[in-house]
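Student: Could we go through this model together, and could you set each term against its definition as we go?

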Amino acid sequence: MNLKPAALLCCLLSPSAFGGETAKDFLGDFVIGAYQLIGKSPDSGSTYQGALQIYSENHQLKIKREIGGSVIFGEAAIEDAVHGEATVLRMRFQENSIAYESTCLVQSDLDNYARISCHLYQANKGSKTPGLEALFIDHSKI
């Protein structure tokens, strides 16, 4: 059998490939973990580093961001984007009374952990230049 990569990916992401679990459920489970975070603020050149934890609480993805001594909690979800042509991780949180949202692509690193790259912007407003965040699994917490 000679399957093209796209056909193989389709087969791997079918619900039957996960024993009834959907691709969104699989991706939601895949991103759970503790990450090192490197970022650039929206509409600014300032950079920062910290930690982010993605966890499940009552079947809902939650986040805990720790940057510069402050801790912020928020929510996350696996959602369709680009009219259903892509699946992304969306994270939402508030900082200094400003609502933020990030749209993230999830890939696998060479050790089969999630590696996540995000555009960060003000929710319902957007940004002239979105912020950027990269999340790398924190191997010290595995």
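**Terms and values**

Student: Why is His59 called exposed?
Tutor: His59 has a relative accessible area of 82%, and exposed means over 50%, buried under 20% and partly exposed in between, with a 1.4 Å probe and protein chains only, so His59 counts as exposed. This is a predicted model, in which local features need pLDDT of at least 70, side-chain atom pairs count only at pLDDT 80 or more, and totals for chains, interfaces and linings use all residues. Residues are numbered from 1 along each chain as its sequence is written, and side-chain values use heavy atoms, with hydrogens and water left out.

Student: How do you know that Asn58 is exposed?
Tutor: Asn58 reaches 71% relative accessibility and therefore counts as exposed by that cut-off.

Student: What makes the phi of Asn58 worth a remark?
Tutor: Most residues other than glycine have a negative phi. Asn58, which is not a glycine, has a positive phi of about 55 degrees, and His59, also a residue other than glycine, has a positive phi near 65 degrees. Asn58 sits in the loop between β2 and β3, and His59 is found in the loop between β2 and β3 as well.

Student: How do you know that β2 and β3 pair?
Tutor: Two strands (DSSP runs of E, at least two residues, numbered from the N terminus) pair if DSSP finds at least two bridges between them. Here 8 bridges join β2, residues 47–57, to β3, residues 60–67, so the antiparallel strands β2 and β3 meet the definition. One of the bridge partners in β3 is Ile63, which faces Ile54.

Definitions and conventions: Helices (H or I, at least four residues) and strands (E, at least two) are DSSP runs, numbered from the N terminus.
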